[in-house]
Amino acid sequence: MRVRESVPAVAVKPEQGDLQWADSDANFLGPVQGIHLFSPSGDASGTALLSKGAAHFSLTSPLSSMGNAIDYPVLTIAMPVKPTAKAGQTASLALDPSFSRWVDPNGQDYPLLLTNGTLTVGGTLSISNIVPGGGVVPAGTKIAITGMGFTPDFKIQVNDASLATQKYVSANEIDVTLAADTNMTSRRIRIVNPSTNERVTYYSYQRTTAMGKSTHALIASAVPLFAGTTWSLAYFRPILNGSQYSGLALENPTAQTVKVRLQLYGSNGTLLKAKTVSLLPNKKFSRDLVELFTGVVPGNGTSLKVTSPVAIPMLGLLGDDALGTVDPVDPSPNP
């Protein structure tokens, strides 16, 4: 399932929106398997709070590039259709206007025109995942496209890239190699069945899975949506005030374990506590800072330094239990 809303550039501060699908109608859909946020400059980041039948998004684009590419969606959501689904079954997809707000770089609200949609089960062709789906893939590297309904006489297009080879493996897998090194992140892939002219479009990204789970329920329900930038050194300014608190999200899209060093400093520059997190390959990690630094207070006036031997995606989280929100906080190169 993909959701698209063409909007102008948004401002630095996080803006919210809700997407809802009726559980009673959508019982043929499985749980969300992946969410990817796209912006031409790679600056957009965000969070998605998942609850039964709905997703609440908080998005930010410091360079105001999100929504400027008419050929690409703002974000995509991957949800499997269960094998028991019947052709013709439908589910309503509703964008909640009471939670949808877009703001320009001057802080002025954009006028909104929200169009609800309907998901209908049908067709015989689909793409479920692409591996590797993100990062620069060297020429000649096998890229596995998985899904259903593939045929030996398929036609495949990888936007702005030339195929070197393509191989039909089965009705559920196609393998291709590219003629040149290609960044697969947000790459548009189309497969066409020439016999029926049925086609499917997929926007690729590296789909990582969670490494453990936060004991803080709100953080545990939040999916971090990382920007396209990576960091080997980054700083965050924690907040711990009333119902507000800070968290940290890290992602390791590489094939090796990455040991990330976390150092919490006091307002006077004194090291309060340090911790090393071993990020497993193709995993992501989200925690409340209180979970990471037991015995000290990661609150106002403190500074968090994050270092990694390999540049990886990083994102701060600002949670508010009273409001039930988790907003993205971009890393800073300065303390």
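## Exposed or buried: a starting point

A residue is called exposed when its relative accessible area is over 50%, buried when that value is under 20%, and partly exposed in between. Thr215 has a relative accessibility of 70%, so Thr215 counts as exposed. Keep in mind as you look around that this is a predicted model.

Where is Thr215 found? Its place is the loop between strand E18 (209-210) and helix H1 (217-220).

Now turn to a patch on the surface. Leu240, Val290 and Val297 make a nonpolar surface patch of about 230 Å².

Let's take one member, Val297. This residue sits in the loop that runs between helix H2 (289-292) and strand E26 (303-312). With a relative accessible area of 55%, Val297 is exposed, because the cut-off for that word is over 50%.

## A buried methionine

Is Met314 buried or exposed? Its relative accessible area is 4%, so Met314 is buried. You will find Met314 in strand E27, which covers residues 314-320.

## One salt bridge

Side chains of opposite charge can pair when their charged atoms come close. How many salt bridges does the structure hold? There is 1, and it is formed by the side chains of Asp175 and Lys142, with 3.9 Å from N to O. Asp175 belongs to strand E14 (residues 173-178), and Lys142 to the loop between strand E10 (136-137) and strand E11 (143-148), so the pair ties together parts that are 33 residues apart in sequence.

Asp175 has a relative accessibility of 11%, so this residue counts as buried.

## Hidden spaces

Rolling a probe the size of a water molecule over the atoms shows where empty space is left. Searching the whole structure turns up 2 cavities of 30 Å³ or more. The second largest cavity has a volume of about 40 Å³.

Which residues line the second largest cavity? They are His36, Phe38, Tyr72, Pro73, Leu75, Thr76, Ser186, Tyr203 and Ser204. Sorted by class, this lining has 5 nonpolar residues, 4 polar ones and no charged ones.

## Backbone details worth a look

Finally, follow the backbone itself. Val131 and Pro132 are joined by a cis peptide bond, with omega at about -5 degrees. Pro132 lies in the loop between strand E9 (126-131) and E10.

Ser64 is not a glycine, yet its phi is positive, at about 55 degrees. This serine is in the loop between strand E5 (54-60) and strand E6 (75-78), and at 16% relative accessibility Ser64 counts as buried. Asn282, a residue other than glycine, has a positive phi near 60 degrees. Its place is the loop between strand E24 (271-279) and strand E25 (283-288), and at 27% relative accessibility Asn282 counts as partly exposed.

Definitions and conventions: Residues numbered from 1 in each chain as written. Predicted model: local features only at pLDDT ≥ 70, side-chain atom pairs only at ≥ 80, totals over all residues. Heavy atoms only, no water. Patch = residues over 30% accessible without salt bridge, like charges linked within 9 Å, V, L, I, M, F, W, Y side chains within 5 Å. Areas by Shrake-Rupley, 256 points an atom, 1.4 Å probe, with all protein chains shown as cover. Salt bridge = Lys/Arg side-chain N within 4 Å of Asp/Glu carboxyl O. Helix = DSSP H or I, 4+ residues; strand = E, 2+ residues; numbered from the N terminus. Buried < 20%, exposed > 50% of the residue type's maximum accessible area, 1.4 Å probe, protein only. 1 Å grid on protein atoms, 1.4 Å probe; cavity = no way out; pocket = protein on both sides within 12 Å on 5 of 7 lines; lining within 4 Å. Points joined across faces, edges and corners; volume = space filled by probe spheres on them. Nonpolar A, V, L, I, M, F, W, Y, C, P; charged D, E, K, R; others polar.
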